[in-house]
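Work through these exercises with the model open. Each task is followed by a solution in steps.

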Amino acid sequence: MKGNEALAEAAIRAGCRCYFGYPITPQTEIAAYMAKRMPKEGRVFLQAESEIAAINMVLGAASAGVRAMTSSSSPGISLKSEGVSYIGACDLPCVIVNVQRGGPGLGGIQPSQSDYWQATKALGHGDYQLLVYAPSSVQEMVDLVTKAFDNADKYRMPAMILADGLLGQMMEPVSFPEIRDNHSEKPWATNGHGNKRPHNIINSLFLQADELERLNVERFKKYDIVKKECPEAETYLTEDADILVAAYGATARIAKAAVNRARKEGIRAGLVRPVTLWPFPDQIIKDAAKNVHSILVTEMSMGQMVDDVKLAVECSVPVHFYGRTGGVIPAPDEILNEIRKLGGVS
């Protein structure tokens with residue numbers, strides 16, 4: 001199944017009740033699939049008049065306590081950023097999908113990973129975070145959608161699936177969980193009180209500075225819990241590695257092929273692949289790097305995750321970078337050549 005369509009089907013099976021979106025390549029298949037399937041399941045699909053409208057519809061649906069989702073590609077996510085900040089400030093759960101394309105600006109429709117900073121550090125104004133998951137296969141796009149919805153509800157915060165045009169457009173075998181409807185208790189929701197409880201209010205405006213600071217501090221206490229409970233990463237051939245390659249998403253698949261070829265040449269390379277980009281799996285990377293002499297970070301960008309890798313290892317190991325940008329996908333041979341340089345092989 002195509003990645004975009006598999007993700008959409010997984011969202012339905014995870015209990016998504018409302019989808020609001022706007023078409024943009026290379027994620028349009030998500031909206032098209034939802035347009036067909038959601039009404040058949042008795043759920044809401046609405047193509048908004050803009051990305052800005054779509055994210056504010058998500059805010060409204062999430063306030064009412066239902067599972068809501070939107071999707072877009074890079075420039076569309078930028079338009080949604082103000083609304084995402086409101087959702088974060090209201091402590092609302094939802095899922096936002098970014099199938100990245102090349103940038104900046106309108107850029108191009110080919111795959112890219114240049115929205116890492118935006119997703120993990122600056123998706124809107126103010127002090128807040130969102131969960132960020134980075135799938136590397138179509139099956140993982142399915143699996144992480146369910147996890148994103150569940151953890152968004154658990155921690156009352158927005159979650160993002162940060163994919164790219166390669167994963168969104170490729171086809172792979174995939175298996176799905178059974179359809180389930182989410183009925184978790186949400187006593188904070190603005191879904192009518194029937195005179196049985198006080199009014200619930202969802203709000204992000206606090207004019208008293210002391211009150212706003214108190215709420216921000218409480219929110220970051222929650223984030224500290226998330227940092228302890230949610231980091232995920234895959235390690236591959238790291239036990240005896242001299243060189244550690246760090247990559248996420250689609251690029252990690254290419255990097256794994258390069259690591260396998262390096263091993264055949266006698267170069268002891270290993271791979272660490274962050275699955276959560278926020279919270280970043282600092283300790284997993286630090287542990288994987290404790291016996292290596294070099295780290296190579298490879299991304300489809302000019303270098304963004306590389307900063308977090310340096311922080312994770314506290315600059316105790318030299319960290320090198322290799323990237324392709326603007327929608328150019330690196331080949332395994334390119335990454336292998338960089339590994340050879342670090343291994344002292346010309």
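**Exercise 1. Describe how α1 and helix α2 (residues 28-40) pack: angle, axis distance and handedness.**

Solution. Step 1: α1 and α2 pack at about 40°, their axes 8 Å apart. Axes are lines fitted to C-alpha atoms, for helices over the stretch in contact, and angles run from 0 to 180 degrees between N-to-C directions. Helices (H or I, at least four residues) and strands (E, at least two) are DSSP runs, numbered from the N terminus.

Step 1: The angle makes α1 oblique to α2. Angles under 35 degrees count as roughly parallel, over 145 as roughly antiparallel, 65 to 115 as roughly perpendicular and the rest as oblique.

Step 2: The crossing of α1 and α2 is right-handed. That label applies if the near helix is turned clockwise from the far one by less than a right angle, and left-handed if anticlockwise.

Step 3: From α1, the contact takes Asn4, Glu5, Leu7, Ala8, Glu9, Ala11 and Ile12; from α2, Glu29, Ile30, Tyr33, Met34, Arg37 and Met38. Contact means heavy atoms within 4.5 Å. By class, the residues of this contact of α1 with α2 are eight nonpolar, one polar and four charged. Ala, Val, Leu, Ile, Met, Phe, Trp, Tyr, Cys and Pro count as nonpolar, Asp, Glu, Lys and Arg as charged, and the others, Gly among them, as polar.

A note on the model: it is predicted, local features need pLDDT of at least 70, side-chain atom pairs count only at pLDDT 80 or more, and totals for chains, interfaces and linings use all residues. Residues are numbered from 1 along each chain as its sequence is written, and side-chain values use heavy atoms, with hydrogens and water left out.

**Exercise 2. Find which residues of α1 meet α6, and give the angle between these helices.**

Solution. Step 1: Helix α1 (residues 3-13) and helix α6 (residues 138-155) pack at about 30°, with 8 Å between their axes. They are therefore roughly parallel.

Step 1: α1 passes α6 in a right-handed crossing.

Step 2: Gly3, Asn4, Ala6, Leu7, Ala10 and Ala11 of α1 touch Val138, Met141, Val142, Val145, Thr146 and Phe149 of α6. The residues of this contact of α1 with α6 comprise nine nonpolar, three polar and no charged.

**Exercise 3. Repeat the analysis for helix α9 (residues 249-264) and helix α12 (residues 332-342).**

Solution. Step 1: The axes of α9 and α12 come within 8 Å and cross at roughly 55°. That makes α9 oblique to α12.

Step 1: The crossing of α9 and α12 is right-handed.

Step 2: α9 supplies Ile254, Ala255, Ala257, Ala258, Val259, Arg261 and Ala262, and α12 supplies Pro332, Asp333, Ile335, Leu336 and Ile339. The residues of the contact of α9 with α12 split into ten nonpolar, no polar and two charged.

**Exercise 4. Which residues of α3 are buried, and what covers them?**

Solution. Step 1: Helix α3 (residues 51-63) has 13 residues and reaches 19 Å from first C-alpha to last, close to the expected 18 Å. The expected span is 1.5 Å times one less than the number of residues.

Step 1: Glu51, Ala53, Ala54, Ile55, Val58, Leu59, Ala61, Ala62 and Ser63 are buried in α3. Buried means under 20% relative accessible area, exposed over 50%, partly exposed in between (1.4 Å probe, protein chains only).

Step 2: The cover includes β1 (18-21), β3 (68-72), α4 (74-89) and β4 (94-100).

**Exercise 5. Locate Thr25 and list its contacts beyond four places in sequence.**

Solution. Step 1: Thr25 sits in the loop between β1 and α2. Its relative accessible area is 36%, so Thr25 is partly exposed.

Step 1: Beyond its neighbours within four places in sequence, Thr25 contacts Ser73, Arg101 and Ile109.

**Exercise 6. Check the backbone for cis peptide bonds and positive phi.**

Solution. Step 1: Most residues other than glycine have a negative phi, and most peptide bonds are trans.

Step 1: Gly103 to Pro104 is a cis peptide bond, omega near 5°. Pro104 lies in the loop between β4 and α5 (116-121).

Step 2: Trp278 to Pro279 is also cis, omega near 0°. Pro279 lies in the loop between β10 (276-278) and α10 (282-288).

Step 3: Glu314, not a glycine, has a positive phi of about 55°. Glu314 is exposed at 56% relative accessible area.
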